[in-house]
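My notes follow in the order I made them.

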Amino acid sequence: MKKNLISLIALGFLVGCGGGGDSTTTTSNIDTINQENIDNSTTINNIESNTTISQSNLSIPTISEIDKNKFLDAINEARAEARDCNDGKGLVPAVGVLTWNDNLYNASYEHNYDMLNANYFEHEGSGSQYDISGIKLNKKSDPLDRVKNNGYLDGFFSYGVGENLAGGHSTIEHAVQDWLNSPPHCTNIMTSNFKDMGLSKVDNGNGGFLWTNVFGYRK
């Protein structure tokens, strides 16, 4: 039986600016990292695992409008229902729809690319030649590094970012269902502060897929 994996990170940021700042809901569990900071047709995005790609030659494929809408619909359908994520907050109301953001898609693809080629599964970058944002910073990247490196936060001072990972799931519906069954992943999906998302799916070469879903808001 194929093993499915899920992992998430929820990043909360609070920035004072003029009259104040905003923050995301930050969750925690044993596989969550929390940080605070002040201041295409319907084809799959395949990656050749034997291809050496570096900072200078990574090419992020364009995702089709069909796939964008399919991924958005799956997450937004989950957000459209009141639900109890079993995170201690009780029943929370439905929250607003997310908008697709290509910068967040690029960040999600970059991390899938790194995990596939460096053969690992976690939120921290590999620190190898495949860790594109990490190469630029001379360290292992984290989700915030990847979001910044891909331009989502340019010119913004108040923001929040979250990331859900899944591995092995054959469809977006299966990945979303596992996320909803996990309290902190569900909380990420149901965070009302998040306004944008990007999601990528890549073939892991073992009959399954890697999924990275990045959420964000910025002001």
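Predicted model: local features only at pLDDT ≥ 70, side-chain atom pairs only at ≥ 80, totals over all residues.

Entry 1, salt bridges. By this rule I get 5 salt bridges. I looked up Glu81 and found it paired with Arg83, with 3.8 Å between the closest N and O atoms. That falls within the 4 Å cut-off. Glu81 is partly exposed, at a relative accessible area of 46%, while Arg83 is buried at 16% relative accessibility.

I then turned to Asp145, which forms a salt bridge with Lys139; their closest N and O atoms are 2.5 Å apart. Asp145 counts as buried at 13% relative accessibility. Lys139 counts as partly exposed at 38%.

Next I checked Glu163, which forms a salt bridge with Arg146 at 3.3 Å between the closest N and O atoms. Glu163 lies in strand E5 (residues 159-167) and Arg146 in helix H4 (residues 143-149), so this pair ties together parts that are 17 residues apart in sequence. Which side of the burial cut-off do Glu163 and Arg146 fall on, buried or exposed? Buried means under 20% relative accessible area; Glu163 is at 2% and Arg146 at 1%, so both count as buried. I also noted that salt bridges with shared partners join Glu65, Lys68 and Asp102 into one network.

I compared the length of H1 (residues 65-79) with what its residue count predicts. At 1.5 Å a residue, its 15 residues should span 21 Å, and the end C-alpha atoms are 21 Å apart, which agrees. I listed the buried residues of H1, which include Lys68, Phe71, Leu72 and Ile75. Asp67 and Arg79 are also among them.

I ran the length check on H2 (residues 102-118): its 17 residues should span 24 Å, and its end C-alpha atoms are 24 Å apart, which agrees. How many of the 17 residues of H2 are buried? I find 13, so H2 is largely enclosed by the rest of the structure.

I then looked at the ends of H2. Just after H2, Asn119 takes a positive phi of about 60°.

Note on methods: Residues numbered from 1 in each chain as written. Heavy atoms only, no water. Helix = DSSP H or I, 4+ residues; strand = E, 2+ residues; numbered from the N terminus. Expected span 1.5 Å × (residues − 1). Buried < 20%, exposed > 50% of the residue type's maximum accessible area, 1.4 Å probe, protein only. Salt bridge = Lys/Arg side-chain N within 4 Å of Asp/Glu carboxyl O.
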